[in-house]
Amino acid sequence: MTSTLARIYTSLLLFSIITFTSTQITAQDLYAPFRQAWLKKAEEYKPTLTETIKHPVGVVKLEKDAAAFQGWKAVNAGGIEQLYNKSFNQKSSGLVVDFGEHMTGYCTFTLKTLRGDMDAPLRLKLTFGEVPAELATPFDPYPGGLSRAWLQDETVTVSVLPATVTILRRVAFRYVKIEWLGSSSGFEFGFSDIQFKASTSVTVTPPELAATTSPIIKEIDRIGLATLKECMQTVYEDGPKRDRRLWIGDTYLESLANLYSFKNDALTKRCLYLLAGLSNEDGILNANVFELPEPHPQKSRLLDYCFLYNVALKEYVAATGDKQTGLDLWPVAKKQLDIAKMYSGADGMMDYVKAGKEWWVFFDWKDGLDKQAPLQGIAIYTLNQTYALAKLLGKENEVAELPAMAKKLKEAAHKNLYDKTTGLFISGPNKQVSYGGQAWMILSGVASKAEAQKALKALPAVTDAVHPGAPYMYHYYIAALIESGLKAEAKEALTSYWGGMVKKGADTFWEVYDPNDELKSPYNFFPVNSYCHAWSCTPVYFIRKYPEIFQQ
Ligand code: RAM
């Protein structure tokens, strides 16, 4: 065979392999007929960001204080004139500028010569921090489990003055520490301006709370709104510092809070379509997706988040009456039910061991949390919520088996996980008692109202009960208290947990918060935690949905 012929054969062979593979892929893609339309809709509802120029409110000093959050506080150290038009040098290095609020966007500053000739470039480091301790803790050697690059320190080299420099990277912060790394001697330079272009897709101000609302609840609501506003960019981000992307679990809670505050239904709709459009070819959702450089998923199979997509869709349709979106996305919701079917045994119990081997079963950032009870509960909850969605859409006939299935799982849960002697729900081989387990057994309706009240009242006295690790799980605990009719307890739990963050100086609510371990980090280094995290904004939802509990 001549080499030309060989090339032709090779190309033909390659062509047929590619054609065959892509035909296979298309044939396997469950949503092939809809996918592009879903992504188009997601694009159509992409919000325009509102940009506002913000200026610093002053300069602060970082002071060690054992009583302050994570051991550090920011103390007022004067106006911004401490920075402007003064020589910036080794002595001023480490100065911290305070913008007075948490912001997300782009930083620009202007430098000018004050004296002498610039006979070498100058170099600065700017470190953006959401909380004071983040700026007081050395980043290196970096012990964290996530990329070091999440930390917001940027080095800038300037060769010619005057110069206006914009840091290319989008940052999320309140404080910026400026360090001098080098400049020529006999030459002085200074800052004449530093400003910030802050962005959000939020455009409305929600109504004031009732005048009877306690000051601490008002503060919790205000900070919750700030958290949500910062996370509402062109998608519901989980955290504007990290991971800066759309996660189903975070989106569910953000969309609930949004329903009762900013009411940006279009953003919820966009996110639901985006997640659907970027699901796997077998129809199962990915837990999170990115927008850039073009929308694409992170291949991530997180079991409880697939379920929560259905709940988020149901809540959206119920609140907005937007049946068209519900009908468009119904095949996705229906498909996620396969997960419940796949792992529920003949005895009505979810095979949590098998599920745990095959999936990321999350529920909370809490080591040692046994997932049996939470998984059984969320499965039942999802079956019920999806059936409610089917009813809203007139699709009950497509899922007629759901009520019986939910009943079977519910009865099995009660039989196997309810401890009549203690009145608590247990989970796993060691009969673990956890807040998460009680919460999900209650939200799913496994517990009667009397049992729910008994369990939740007994819980604080159980010394080895597994507590929530993050505000995310705290949400479900508060929801369970409300569901059980324990209104005063719900108010007290919300006030002490989120109020705890308020008292420790939170500008926005944190990704993880353990009152007994402020340095807790799922990533082995607390500065890489997100301190403006979507899933922590839900007091906004509770406070505004239940004024009779929280605004009296
Ligand atoms: C983290 C993020 C995100 C969350 C997932 C499960 O990476 O904090 O918000 O949804 O975990």
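**Notebook: where domain 1 meets domain 2**

I began with the layout: the chain is split into domain 1 (50-199) and domain 2 (215-550). The contact between them draws on 28 residues from domain 1 and 26 residues from domain 2. I noted that this is a predicted model.

Next I checked confidence. The chain has an average pLDDT of 95, and 95% of the residues reach at least 70. Residues 1-26 stay under 50, and I found four contacts there beyond four places in sequence. Where pLDDT is low, the coordinates should not be read in detail. I left residues 1-26, with pLDDT under 50, aside.

Then I looked up distance and area. The centres of domain 1 and domain 2, over C-alpha atoms, lie 37 Å apart. About 2400 Å² is buried between the two domains, and carbon and sulfur atoms give 58% of that. Which residues of domain 1 lose the most area to domain 2? They are F69, W150 and R170, together 30% of what that side buries.

R170 came up again. Its side chain meets that of E237 in a salt bridge, at 2.8 Å from N to O. Across the interface of domain 1 and domain 2 I counted four salt bridges. I also listed 14 residue pairs in polar contact across that interface.

Last, I asked which elements give two or more residues to the side of domain 1 that touches domain 2. These are β4 (95-115), α3 (132-136) and β8 (171-182). β4 gives the most, with four residues. By class, I recorded 13 nonpolar, 10 polar and five charged residues on that side of domain 1.

Key:
Residues numbered from 1 in each chain as written. Predicted model: local features only at pLDDT ≥ 70, side-chain atom pairs only at ≥ 80, totals over all residues. Heavy atoms only, no water. pLDDT = per-residue confidence, 0-100. Contact = heavy atoms within 4.5 Å. Domains from an automatic or database assignment. Buried area = accessible area lost by both parts, 1.4 Å probe. Polar contact = N/O pair within 3.5 Å; in protein donor to acceptor, adjacent residues only side chain to side chain. Nonpolar A, V, L, I, M, F, W, Y, C, P; charged D, E, K, R; others polar.
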